[in-house]
Amino acid sequence: MRAPRARPATAGVGLFLALIGIAGASRAPGSDLPRVVPNDNRTAAGTARGDTVVLDLVVQPAIWYPEAADGPSLTVPAFGEVGKAPSIPAPLIRVVAGTPIRASIRNALPDSTLHLIGFGTQPNTPRDTVRVAPGAAVTVTFRAGAPGTYLYRAVIGHKSDDADEERETAGGAFVVDPPGGSPPDRVFVMNIYAEQVDSGRSREALAINGRSWPHTERIAMTVGDTARWRILNNTTRPHPMHLHGFYFRIDETGTGLASRTIPAADRVLAVTEQLARWTTRTISWSPDRPGNWLFHCHLTFHVIPDARLDHRHGPDVDVRETTSINPMQHMAGLVLGMAVSPGPGAAFEPAPATRQLDLFVNEGGPRGRMPRTFSYILQRGPTEPGRDSVEIPGSLLVLTRNERTDITVHNRATEPVAIHWHGLELESWSDGVAGWSGMGTAVAPPVLPDGHFTARLSVPRAGTFIYHTHLNDIEQVTGGAIGPLLVMEPGARYDPTRDHVYIGGWAGLEDETSPGCVPPAGGPACGPRLMINGDTLGLPPIELEAGVKHRFRFINLGPAINIRYALRRDTTVVEWLPLARDGADLPMTVRIARPALQSVAVGQTWDFEVTPKPGEWILTASPGNAPITWRRRLVFR
C-alpha cells in the first residue's frame with residue numbers, strides 16, 4: 001500500500017460534455033472551458049445595492065491548474081461570479097452580521113444536480129440545502145447571522161454530502177464580521193479533487209487557496225507581527241494542521257455551518273490542530289524568531305511527492321524526489337511557507353549550548369512488516385552505539401527547560417536524512433526541513449550518508465514533544481524514524497516509574513493485498529498495523545505504585561489515522577486529569593477530570609494525570625475508531 005488513495009469521481013461529473021462560456025474568463029490552452037484562477041481570499045464577492053449584498057454566482061466546468069500555470073490540469077466543477085473567471089476556492093463571501101443578501105446561483109453543469117449548502121442565516125443546519133437541476137438557477141434571500149467563519153459549497157450529483165468521492169472544488173469561505181469589523185486576518189481554504197487513472201492509482205490535487213506546494217502563496221512576515229488566520233477544511237478528510245517553530249492560540253472553532261468563539265480563559269495553545277471534514281478554526285500567532293517556517297497537514301500522504309498532480313511513479317523517481325535537498329521536490333500538497341524577516345536592527349544569535357548530545361541514525365534490515373528499519377540512537381557513554389543496534393522508536397531524549405542543547409546527528413543510513421524537532425521553539429536553521437529551514441539563501445542541508453549536522457535546540461517550555469524524519473517520510477516514518485522528547489523543569493528528574501511515555505506509529509506500510517499478510521486472529525484485516533513503543537501486540541504487564549500521581553504522555557506519529565488511547569479498570573473507563581497538549585500546559589479552566597479516552601491526531605501530544613487505586617488497569621490503543629489492537633496491563637500495588 002503506497003498510500004490511501006481517493007475514490008474515483010463518479011461518471012458524469014468529470015466529463016462535462018457541454019462547453020460553457022463565461023465573459024471575462026480566460027480559456028485553458030486547447031479548450032473552450034474557462035480557466036480557474038486561484039483565490040487568495042482577500043477580496044469579497046458581490047456588489048452592494050443599498051443595504052443588500054447581491055451575489056450572482058455560477059457553478060460550471062473549468063480547467064484547474066493547481067501547480068504551475070503551464071503544468072498539469074484537471075477538469076473540475078467550480079464556482080465563479082458571473083462575468084468573471086471561476087475560482088478555487090469559491091469566491092469569498094464576507095459581510096457584516098445582519099446584512100441582507102440576495103444570492104443567485106446558476107447550475108451550468110450539463111449533467112449533475114447541485115445541492116447547495118451554506119446559503120442561509122448562520123448558524124445553518126445540514127437540512128438547509130437548495131437543489132438546483134442542470135441548467136437551472138435559483139435565487140435565495142436571507143440575512144447574515146452570527147459573526148464567525150463558515151463554509152458554503154455545492155455537493156455535486158448527490159442528495160446529501162455523505163459521498164466518499166473527493167471532488168471538493170466547488171466550495172469556499174463565508175465570513176460574517178461583527179458590527180465594526182474584525183481584526184486584520186487571512187482566510188485559507190483547503191480543497192481536494194481526485195480522478196481515477198486506473199484501478200490502482202488516481203490523480204489528486206490538494207490545494208490551499210487553489211494552489212499546491214511548491215506553488216502555494218509565500219507569506220511574508222516580520223518578527224513581532226500578529227497573524228490571525230481563518231482555516232477552512234472544505235474536504236471530506238480530516239487534516240491535522242501543524243505549525244513549525246511556534247505555538248498558535250485557538251480562538252474560534254466551527255462546523256462549517258456554526259461557529260463558536262472560545263472564551264478567552266479557555267483558549268489553548270497548540271502546534272497541531274485537527275480539522276475534521278467541513279470544519280473551521282481561527283488561530284492567532286506571532287513569530288518572535290526570523291527564518292523560513294512551514295504550516296502543513298501532518299497526514300504524510302498529503303505532503304509527499306505523491307501528492308503532486310504531475311508526480312511520475314517509479315523507484316528511481318520516488319527515491320530521487322523523497323530524499324532531495326530541494327524542498328520543491330521532497331514536499332507537495334497541503335503546505336504553506338512563511339518567510340519571517342527580523343525587525344529593524346534586530347540580532348538573533350543563539351547563546352552557546354551548555355549541553356552536547358550525539359544522536360546516531362542507523363539503518364537496518366527487515367523487521368516484521370517493515371522492509372527496512374531506521375533507528376535514532378542516543379550515545380549514552382564514551383562509546384558510540386554499534387552500527388547494528390536498533391531502537392524503535394528512537395531513544396527517549398530528556399532535556400531541561402532553558403538549558404540550550406546541541407544535538408549532533410550522525411547519519412549512518414544509506415540515504416540522506418533530516419530531523420524535525422516537532423513542537424520546539426527553536427531557530428529556523430535547526431528546524432529540520434532540508435533546503436528550507438534557515439533564512440534567505442542560507443538554508444540547512446540534509447544530513448548526507450556518513451555526514452553529520454548539529455541542531456541547536458532552545459527549549460523554553462517544559463512538556464512532551466517529538467522528533468522525526470522530514471525526508472522520505474513514508475518509508476522512514478513507517479520504518480521507525482520517530483522518537484519522544486521530554487523537556488523537564490529545572491531540578492526535576494525523569495522518573496519512568498511515575499512518568500509513562502507512549503508513542504504510536506505504524507509498523508511498515510502494508511494492507512491485506514500484500515504478499516505474506518496474515519490478519520491477526522480476531523483482529524482487523526492487515527491494514528496499517530499500529531505500533532506503540534515499538535510493539536504491535538501489547539507490552540508485558542508492569543507493576544506500579546498505587547496512591548501516587550502518575551503522568552501519561554501520549555504521542556501519535558504515524559503517517560495517518562488518529563490513535564485512540566484509553567485507560568480502564570476491568571471494563572470501566574476511569575477518569576484522568578488533562579494537563580497539557582502539544583507540550584503546552586492547558587488553562588486551569590479546562591483542567592477538569594474526564595473519562596480516560598483521548599483521540600490523538602497525527603502530530604499531537606497529550607499529557608494526563610492519574611492517581612490510581614490498587615488493582616489491575618488496562619491501557620489500550622486503537623487506530624481511529626477501529627477495534628482495539630494494542631493493550632498493556634498495569635498492576636498498581
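Of the 637 residues in the chain, 58% are buried, where buried means under 20% relative accessible area, exposed means over 50%, and partly exposed is in between, using a 1.4 Å probe and protein chains only. This is a predicted model, in which local features need pLDDT of at least 70 and side-chain atom pairs count only at pLDDT 80 or more, while totals for chains, interfaces and linings use all residues. Residues are numbered from 1 along each chain as its sequence is written, and side-chain values use heavy atoms, with hydrogens and water left out.

The secondary structure comes to three helices and 48 strands. These are DSSP runs numbered from the N terminus, with helices being H or I of at least four residues and strands being E of at least two. Of the contacts in the chain with a separation of 6 or more, 75% are between residues 24 or more positions apart; contact here means heavy atoms within 4.5 Å.

Now the cores. The largest nonpolar core has 69 residues, and Trp229 and Leu567 have the most contacts inside it. A second, separate core has 30 residues, including Leu357, Val409, Trp421 and Leu485. By a nonpolar core I mean a set of buried Ala, Val, Leu, Ile, Met, Phe, Trp, Tyr and Cys residues joined through side-chain atoms within 4.5 Å. What does Trp229 touch, not counting residues up to four places away in sequence? Among its contacts are Phe188, Ile219, Trp285, Phe295 and Met338, and also Arg186 and Arg281.

Next, charged pairs. Side chains of opposite charge can pair when their charged atoms come close. The count is 32 salt bridges, each a side-chain nitrogen of Lys or Arg within 4 Å of a carboxyl oxygen of Asp or Glu.

Take Asp499 and Arg553, whose side chains meet at 2.7 Å, N to O.

Within it, the closest N and O atoms of Asp177 and Arg230 are 3.8 Å apart.

Glu415 and Arg372 form another salt bridge, at 2.6 Å, N to O. Glu415 sits in the loop between strands E29 (405-411) and E30 (419-422), and Arg372 in the loop between strands E26 (355-364) and E27 (373-378), so parts 43 residues apart in sequence are tied together. Glu415 and Arg372 are both buried.

On a 1 Å grid over the protein atoms alone, a cavity is a set of points where a 1.4 Å probe fits but cannot get out, and lining residues have an atom within 4 Å of a point. Volume is the space filled by probe spheres set on the points, which are joined across faces, edges and corners.

The second largest cavity has a volume of about 130 Å³. Its lining has 14 residues, with His298, Thr300, Val303, His468 and Asp473 nearest the centre. Strand E34 (463-469) and helix H3 (473-478) each give two or more residues to that lining.

Note on methods: 1 Å grid on protein atoms, 1.4 Å probe; cavity = no way out; pocket = protein on both sides within 12 Å on 5 of 7 lines; lining within 4 Å.
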